[in-house]
Amino acid sequence: MRKTGKINDLKIRTKEFALQIIELFTSLPKNVEAQIIGKQILRSGTSVGANYREGCRARSSQEFVAKLGICLQELEETQYWLELLVESSMVTEEITKTLYDEANKLVAIFVSSVSTAKQNRNQNK
């Protein structure tokens, strides 16, 4: 029962992350540069939850680990785009701080999940 609760919590959390990314995108300046970066962050930031949900339906622990690996890649990419938005002065750091912090927390969760899944897979061999 606890595992299901954690899975559902992470499904909700990654969806909330995606919704915050969408909100950031809609608030970006309408110039070409901001919109190009915005579309990149929109793709990477919203795909985290989608890939996590696919991972929850994985047919094997290897497939689960692979999907979480994609989640980690998308989170790293999202952080990169957030950094570019701030460092190019398109938005203030204050605007991206919550998203950046949540991305860091999600990275930690996914890294731990990958490690646990790999340990479980090795124990079952």
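Q: Lys 97 is partly exposed, at a relative accessible area of 46%. Which values set the limits of buried, partly exposed and exposed?

A: Buried means under 20% relative accessible area, exposed over 50%, and partly exposed in between (1.4 Å probe, protein chains only). Lys 97 falls in the middle class at 46%. Asp 101 is also partly exposed, at 29%. This is a predicted model: local features need pLDDT of at least 70, side-chain atom pairs count only at pLDDT 80 or more, and totals for chains, interfaces and linings use all residues. Residues are numbered from 1 along each chain as its sequence is written, and side-chain values use heavy atoms, with hydrogens and water left out.

Q: What share of the contacts joins residues at least 24 apart?

A: A contact means heavy atoms within 4.5 Å. Take the contacts between residues at least 6 apart in sequence: 72% of them join residues at least 24 apart. Leu 99 and Leu 24 show such a separation in space: they are 75 residues apart in sequence, with 9.2 Å from C-alpha to C-alpha.

Q: Which residues does Leu 99 contact, and is Leu 99 buried or exposed?

A: Leu 99 lies in helix H4. Leu 99 is buried, at 5% relative accessible area. Leave aside neighbours within four places in sequence. Leu 99 then contacts Phe 17, Gln 20, Ile 21, Leu 24 and Leu 82.

Q: Which residues have the most contacts inside the largest nonpolar core?

A: A nonpolar core is a set of buried Ala, Val, Leu, Ile, Met, Phe, Trp, Tyr and Cys residues joined through side-chain atoms within 4.5 Å. The largest one has 27 residues. Those with the most contacts inside it are Phe 17, Leu 24, Leu 28, Ile 41, Leu 75, Leu 85 and Phe 110. Helices H1 (2-27), H2, H3 and H4 each supply at least two residues of this core. H3 gives the largest share, 8 residues.

Q: Which residues does Ile 41 contact beyond its sequence neighbours?

A: Neighbours within four places are again set aside. Ile 41 contacts Ile 21, Leu 24, Thr 46, Thr 78, Trp 81, Leu 82 and Leu 85.

Q: Where is Ser 44, and what does Ser 44 touch?

A: Ser 44 sits in helix H2 (residues 32-56). Ser 44 is buried, with a relative accessible area of 0%. Not counting residues up to four places away in sequence, Ser 44 touches Glu 74, Glu 77, Thr 78 and Trp 81.

Q: How many salt bridges are there?

A: A salt bridge is a side-chain nitrogen of Lys or Arg within 4 Å of a carboxyl oxygen of Asp or Glu. The count by this rule is 4. One of them joins Glu 54 and Lys 67, at 2.5 Å from N to O. This pair links distant parts of the chain: Glu 54 in helix H2 and Lys 67 in helix H3 (residues 61-87), 13 residues apart. Glu 54 is partly exposed at 41%, whereas Lys 67 is buried at 18%. Another bridge joins Arg 59 and Glu 63, at 3.2 Å. Arg 59 is exposed at 75%, and Glu 63 is partly exposed at 24%.

Q: What separates Lys 97 and Asp 101 along the helix?

A: Their side chains meet in a salt bridge, at 2.8 Å from N to O. Lys 97 and Asp 101 are about one helical turn apart because they stand 4 residues apart in helix H4 (residues 93-123).
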